[in-house]
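Please look over the structure shown here before reading the notes that follow.

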Amino acid sequence: MIVLSAKDQLDHKLDLFALGADDYVTKPFALEELIARIQVHIKRTVPSLPTAAYRHKQLLLDPETFTASVDGAPLHLTRREFKILELLVKHPTRAFSKQDLYELAWDEIYMGEDKTVAVHISNLRAKLRSHTDDDYIDTVWGIGFRLSP
(Lines give C-alpha, C1' and ligand atoms only; values in the text may rest on other atoms or scores of the structure.)
Protein backbone atom coordinates (compact mmCIF):
# COMPACT_ATOMS: atom_id res chain seq x y z
CA MET A 1 0.00 0.00 0.00
CA ILE A 2 1.27 3.44 -0.95
CA VAL A 3 0.03 6.37 1.11
CA LEU A 4 -0.44 9.82 -0.46
CA SER A 5 -0.72 12.58 2.10
CA ALA A 6 -0.18 16.26 2.71
CA LYS A 7 1.12 15.44 6.20
CA ASP A 8 4.89 15.18 6.32
CA GLN A 9 5.47 14.81 10.07
CA LEU A 10 7.68 11.88 11.00
CA ASP A 11 5.26 10.55 13.67
CA HIS A 12 2.43 10.39 11.15
CA LYS A 13 4.64 8.53 8.64
CA LEU A 14 5.87 6.06 11.28
CA ASP A 15 2.29 5.37 12.43
CA LEU A 16 1.24 4.55 8.86
CA PHE A 17 4.26 2.30 8.33
CA ALA A 18 3.39 0.52 11.58
CA LEU A 19 -0.14 0.00 10.21
CA GLY A 20 1.24 -1.68 7.10
CA ALA A 21 2.05 1.03 4.58
CA ASP A 22 4.82 0.04 2.15
CA ASP A 23 5.57 3.56 0.95
CA TYR A 24 4.64 7.15 1.74
CA VAL A 25 4.50 10.07 -0.68
CA THR A 26 3.78 13.63 0.44
CA LYS A 27 2.16 16.38 -1.57
CA PRO A 28 3.28 17.98 -3.77
CA PHE A 29 4.84 15.11 -5.72
CA ALA A 30 5.90 14.51 -9.30
CA LEU A 31 3.62 12.13 -11.17
CA GLU A 32 6.67 10.31 -12.60
CA GLU A 33 7.90 9.58 -9.07
CA LEU A 34 4.51 8.17 -8.06
CA ILE A 35 4.41 5.97 -11.18
CA ALA A 36 7.95 4.71 -10.45
CA ARG A 37 6.98 3.85 -6.86
CA ILE A 38 3.86 2.02 -8.07
CA GLN A 39 5.92 0.02 -10.58
CA VAL A 40 8.39 -1.00 -7.86
CA HIS A 41 5.51 -2.06 -5.63
CA ILE A 42 3.96 -4.12 -8.44
CA LYS A 43 7.28 -5.87 -9.11
CA ARG A 44 7.52 -6.82 -5.45
CA THR A 45 3.97 -8.13 -5.16
CA VAL A 46 3.54 -9.95 -8.48
CA PRO A 47 4.72 -13.54 -8.11
CA SER A 48 7.62 -14.55 -10.31
CA LEU A 49 6.72 -16.34 -13.49
CA PRO A 50 6.99 -20.12 -13.34
CA THR A 51 9.78 -21.90 -15.12
CA ALA A 52 8.80 -22.70 -18.67
CA ALA A 53 7.72 -26.25 -19.34
CA TYR A 54 9.39 -28.07 -22.21
CA ARG A 55 7.44 -29.68 -25.05
CA HIS A 56 8.55 -32.22 -27.60
CA LYS A 57 6.03 -34.09 -29.71
CA GLN A 58 3.39 -35.21 -27.16
CA LEU A 59 5.83 -34.96 -24.24
CA LEU A 60 5.40 -32.20 -21.66
CA LEU A 61 8.14 -31.79 -19.07
CA ASP A 62 7.73 -29.32 -16.20
CA PRO A 63 10.97 -28.77 -14.25
CA GLU A 64 9.23 -26.64 -11.63
CA THR A 65 6.93 -29.46 -10.49
CA PHE A 66 9.15 -32.34 -11.68
CA THR A 67 6.27 -33.79 -13.65
CA ALA A 68 6.20 -35.32 -17.09
CA SER A 69 3.34 -36.46 -19.27
CA VAL A 70 2.80 -37.88 -22.72
CA ASP A 71 -0.38 -36.82 -24.45
CA GLY A 72 -1.79 -35.89 -21.02
CA ALA A 73 -0.96 -39.23 -19.37
CA PRO A 74 1.48 -38.84 -16.47
CA LEU A 75 4.90 -40.46 -16.66
CA HIS A 76 6.20 -41.74 -13.34
CA LEU A 77 9.90 -40.99 -13.59
CA THR A 78 12.70 -41.33 -11.09
CA ARG A 79 14.74 -38.24 -10.36
CA ARG A 80 17.57 -39.44 -12.62
CA GLU A 81 15.20 -40.35 -15.46
CA PHE A 82 13.62 -36.90 -15.21
CA LYS A 83 17.03 -35.22 -15.28
CA ILE A 84 18.18 -37.24 -18.31
CA LEU A 85 14.96 -36.47 -20.19
CA GLU A 86 15.20 -32.80 -19.22
CA LEU A 87 18.76 -32.61 -20.58
CA LEU A 88 17.69 -34.19 -23.86
CA VAL A 89 14.63 -31.96 -24.26
CA LYS A 90 16.50 -28.77 -23.35
CA HIS A 91 19.18 -29.54 -25.94
CA PRO A 92 17.27 -31.30 -28.74
CA THR A 93 20.10 -31.32 -31.30
CA ARG A 94 22.95 -32.29 -28.97
CA ALA A 95 24.25 -35.84 -28.76
CA PHE A 96 25.18 -36.65 -25.16
CA SER A 97 27.80 -39.24 -24.36
CA LYS A 98 27.19 -41.64 -21.47
CA GLN A 99 29.80 -39.68 -19.55
CA ASP A 100 28.00 -36.38 -20.24
CA LEU A 101 24.66 -37.77 -19.10
CA TYR A 102 26.13 -39.39 -16.01
CA GLU A 103 28.04 -36.29 -14.90
CA LEU A 104 25.09 -33.95 -15.55
CA ALA A 105 22.29 -36.14 -14.18
CA TRP A 106 24.14 -37.57 -11.19
CA ASP A 107 26.39 -34.57 -10.59
CA GLU A 108 29.28 -36.97 -10.04
CA ILE A 109 32.44 -37.81 -11.93
CA TYR A 110 32.02 -40.65 -14.43
CA MET A 111 34.33 -43.51 -13.42
CA GLY A 112 34.34 -45.47 -16.65
CA GLU A 113 32.13 -47.92 -18.47
CA ASP A 114 29.18 -49.20 -16.56
CA LYS A 115 25.59 -49.87 -17.54
CA THR A 116 23.94 -47.22 -15.33
CA VAL A 117 23.14 -44.71 -18.08
CA ALA A 118 22.11 -47.42 -20.56
CA VAL A 119 19.71 -48.93 -18.02
CA HIS A 120 18.15 -45.54 -17.29
CA ILE A 121 17.77 -44.82 -21.02
CA SER A 122 16.17 -48.24 -21.50
CA ASN A 123 13.74 -47.56 -18.64
CA LEU A 124 12.89 -44.14 -20.07
CA ARG A 125 12.21 -45.63 -23.49
CA ALA A 126 9.93 -48.27 -21.98
CA LYS A 127 7.98 -45.69 -19.98
CA LEU A 128 7.59 -43.47 -23.03
CA ARG A 129 6.55 -46.39 -25.26
CA SER A 130 3.86 -47.39 -22.78
CA HIS A 131 2.06 -44.17 -23.77
CA THR A 132 3.02 -43.65 -27.41
CA ASP A 133 4.55 -45.38 -30.43
CA ASP A 134 6.80 -42.38 -31.12
CA ASP A 135 10.50 -42.67 -30.45
CA TYR A 136 11.87 -39.99 -28.15
CA ILE A 137 15.47 -41.06 -27.63
CA ASP A 138 17.84 -41.98 -30.45
CA THR A 139 21.09 -43.87 -30.05
CA VAL A 140 23.98 -42.15 -31.77
CA TRP A 141 26.34 -45.07 -32.32
CA GLY A 142 29.81 -44.47 -30.98
CA ILE A 143 28.71 -41.28 -29.20
CA GLY A 144 25.67 -41.70 -26.96
CA PHE A 145 22.07 -40.47 -27.06
CA ARG A 146 20.00 -37.56 -28.29
CA LEU A 147 16.39 -36.53 -28.55
CA SER A 148 14.59 -38.01 -31.56
CA PRO A 149 13.53 -35.38 -34.10
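**Briefing on the predicted model**

In the protein, 40% of the contacts with a separation of 6 or more are between residues 24 or more positions apart, where contact means heavy atoms within 4.5 Å. This is a predicted model, in which local features need pLDDT of at least 70 and side-chain atom pairs count only at pLDDT 80 or more, while totals for chains, interfaces and linings use all residues. Residues are numbered from 1 along each chain as its sequence is written, and side-chain values use heavy atoms, with hydrogens and water left out.

**Overall form**
- The protein has five helices and nine strands, these being DSSP runs numbered from the N terminus (helices H or I, at least four residues; strands E, at least two).
- The radius of gyration, taken over C-alpha atoms, is 26 Å, whereas a compact globule of 149 residues would have one near 15 Å by the rule of 2.2 Å times the number of residues to the power 0.38.
- Along the principal axes, the C-alpha atoms fill a box of roughly 75 × 35 × 25 Å.

**Burial and helix α4**
- Of the 149 residues, 31% count as buried, which is to say under 20% relative accessible area with a 1.4 Å probe, counting protein chains only.
- In helix α4 (residues 98-106), the buried residues are Leu101, Tyr102, Ala105 and Trp106.
- These residues lie on the same side of α4 because they cover an arc of only 100° around the axis, judged by the directions from the helix axis to the C-beta atoms.
- Their cover includes α3 (79-90), β7 (96-97), α5 (116-129) and β9 (144-147).
- After α4 comes Asp107, which has a positive phi, near 55°.

How values were computed
Buried < 20%, exposed > 50% of the residue type's maximum accessible area, 1.4 Å probe, protein only.
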